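Thanks for coming, everyone. Please bring up the sequence and the model, and keep both in view while I talk.

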Amino acid sequence: MKVVLTTLNAKYIHTCLAIRYLKSFCEHEFDIELTEYTIKDPVMNIVSDLYQRKADVIGFSCYIWNIEETIKVISMLRKVQPDVKIILGGPEVSYDTKEWLERLSDVDFIVMGEGEETFLHLLQQIRDDEKYHFVFGMAYRNAAGEVVINPGRPKLDLNDIPSPHRFEADIAELGKRVVYFETSRGCPFSCQFCLSSIEVGVRYFDIERTKADLLYLIANGAKLIKFVDRTFNIKRDYAMEMFQFLIDNHQGCVFQFEITADIMRPEVLDFLAEKAPPGIFRFEIGVQSTNDHTNELVKRRQNFAKLTRTVKMVKDSGKIDQHLDLIAGLPHEDYQTFRKTFNDVFALSPEELQLGFLKMLRGTGLRLDAEKYGYVYMDHAPYEMLSNDVMPFSDVVRLKRLEDVLEKYWNSHRMDYTMHYLMEHEFDSPFDFFQAFGDYWESKGWQKIGHQLEDLFIRLEAFLCQHGMKRMDVVLGLMKLDYFMNHKYKPRKIWWQAELDKQEASFVLREAASHPERISQAFKELELSEKELHKHAVVERIPFLASSSLLPKEQAWHDGQEMGAMIAIVVYQQQASEKPLVFLVPESELKLQAV
């Protein structure tokens, strides 16, 4: 009996850990083949590929991001392969299972919850006796066509599951795709919007086995490993041991963790600040809301003061990038209180701030209480809220506009200098900037058309000119620097009218090559000839205040003194992976007026 396990990932670089667990648990007894697609792949292509594999049983791993596309695949597959047994599993179908089987007549079985043992038992019954009522943790239709929901199955000893990371077929792709890794299952918290709150307690895999699997993945070329543990740092000693192990063995691999920031102990933070190599760890921190009443309603225990301490200590160390999450649409959080939440969290200056909208996931307490808070939400996945009793749809639409420009302008890191300046000097709050810009963006119809890099700068300039800035000259100077920093090589074009003509620019480069000490010691040490500068450098006039903290950290300036116009020399390095170097020097130092 041939079994194919598959899923539709959100992106090609993603991998599905669930189907690898099932294969590792069942392959001693069954011929199991893995294949993965994406939600962007044409349905016909997916069905054609599955059909040619000539499977007796096909299992699909189902999530909110792929369920609707998976249903289309199943419907077509049933038409061309009427005798194949189709099994669904995963978090999306583990709840409201009766409803799913009534809706999807092409599906034979649904595995609910933790699937390894249930899936193996089901395969045995398909092959042998077809006594499906014996398979705990599974739902099916009986001979009369009635849906039968079998009792649940006790939790498995995690160490009885063979490693899902040792398949030879995966090795060639390890360096090209994200590796998802699990050291534990379960969550100690009870957040009512999250599926993890349903499973009580936390179970761990054997730590030595975990280390062995990580060494195997790193040795075989893994570049990014994402730990899917719901709270990686719940056990301090365990987290410390794992952090030390990864520090000792990373070989350039990057590791991402979901952590609960307000329970992170100071000694752990001090350890990471001292020992962690820059760039190998990333933290994802779910803040969701800073509204105490909202957090109480969703049973979310959070000490924002301690969370702030953690985020600031991590940021001050300069070692670890942080991704902070917010959820708009939680109970009793209206537009104004969400504005406060957004600004509270933005003040922490995370490298990335993810604004999501509440999803009423099947099985969660909040979905069961939807009527209590007046929720209206999508009938189909991803079940996103459309409104509730304190946030009308009109506010949701406005926040969607804010989310769009937040992604394009903050999370993309295309304009770091400009964004920091605007937040600190030009707008009442970060929320107000992103909201006003988002509204302007939509009023221009830009959400309907694509954009190149220069379009992002041109559109921001148009918005800022319309809005009115205190120092538009400084803003434009920073935008120019940001544009230069977005290129690996000397850009062929710019989106503004250059401040210096070709003759003036040539004079600057000649002076810089002849008198590099006038630029800086770091510039002098580059030992660049005039010919090399013409090939690898750009120059522009920038109107900056001398003591601005917005400038590159390497620059040193006289406190508080305004030195007039500055000349920016941006040098693109021979290795494209290295960032351009920015040097700012007062125009008077280069005697440009003598041209």
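Which residue with a positive phi follows α7? That is Gln 251, with phi near 50 degrees.

Some ground rules. This is a predicted model: local features need pLDDT of at least 70, side-chain atom pairs count only at pLDDT 80 or more, and totals for chains, interfaces and linings use all residues. Residues are numbered from 1 along each chain as its sequence is written, and side-chain values use heavy atoms, with hydrogens and water left out.

The overall picture comes next. The protein chain has 20 helices and 20 strands. Helices (H or I, at least four residues) and strands (E, at least two) are DSSP runs, numbered from the N terminus. Along the principal axes, the C-alpha atoms fill a box of roughly 95 × 55 × 50 Å. Of the 595 residues, 53% count as buried. Buried means under 20% relative accessible area, exposed over 50%, and partly exposed in between, with a 1.4 Å probe and protein chains only. The chain exposes about 27,100 Å², and carbon and sulfur atoms supply 49% of that. Accessible areas come from the Shrake-Rupley method with a 1.4 Å probe; for residues, only the protein chains shown count as cover.

Now contacts, meaning heavy atoms within 4.5 Å. Take those with a separation of 6 or more: residues 24 or more positions apart account for 71% of them.

On to the sheet. Six strands form an open sheet in the order β8-β11-β12-β13-β14-β15, with parallel pairing. Two strands pair if DSSP finds at least two bridges between them. At the edges are β8 (179-181) and β15 (352-357), each pairing on one side only. From one strand to the next, the twist averages 20 degrees. Angles run from 0 to 180 degrees between N-to-C directions, and axes are lines fitted to C-alpha atoms, for helices over the stretch in contact. Look inside the sheet at β11 and β12: three bridges join them, and they run parallel. Leu 224 stands opposite Val 254 in β12.

Back to α7. This helix lies across β11, β12 and β13, and runs at about 145 degrees to β13. How far apart are its end C-alpha atoms? They are 20 Å apart, which agrees with the 20 Å that its 14 residues (236-249) should span at 1.5 Å a residue. The expected span is 1.5 Å times one less than the number of residues. Buried residues of α7 include Tyr 238, Met 242, Phe 245 and Leu 246. Their cover includes α6 (207-219), α8 (266-275) and β10 (201-204).

Next, a helix pair. α11 and α15 (residues 430-443) pack at about 115 degrees, with their axes 8 Å apart. On the α11 side, the contact residues include Phe 338, Phe 342 and Phe 346; on the α15 side, they include Pro 430, Phe 431 and Phe 434. The contact residues divide into seven nonpolar, two polar and two charged. Here Ala, Val, Leu, Ile, Met, Phe, Trp, Tyr, Cys and Pro count as nonpolar, Asp, Glu, Lys and Arg as charged, and the others, Gly among them, as polar.

Another strand now: β18. Why is β18 largely enclosed by the rest of the structure? Because six of its six residues (537-542) are buried. In a regular strand the side chains alternate between the two faces of the sheet. In β18, Ala 537, Val 539 and Arg 541 on one side are buried, as are Val 538, Glu 540 and Ile 542 on the other. Six bridges join β18 to β19 (residues 566-571), and the two run antiparallel. Ile 542 stands opposite Met 566 in β19.

Last, some backbone details. Most residues other than glycine have a negative phi, and most peptide bonds are trans. The bond from Ala 381 to Pro 382 is cis, with omega near 15 degrees. Pro 382 sits in the loop between β16 (376-377) and β17 (385-387). His 332 has a positive phi, near 60 degrees. Its loop runs between β14 (321-328) and α11 (335-346). Is Glu 527 buried or exposed? Glu 527 is exposed, with a relative accessible area of 67%. Its phi is positive too, near 55 degrees.
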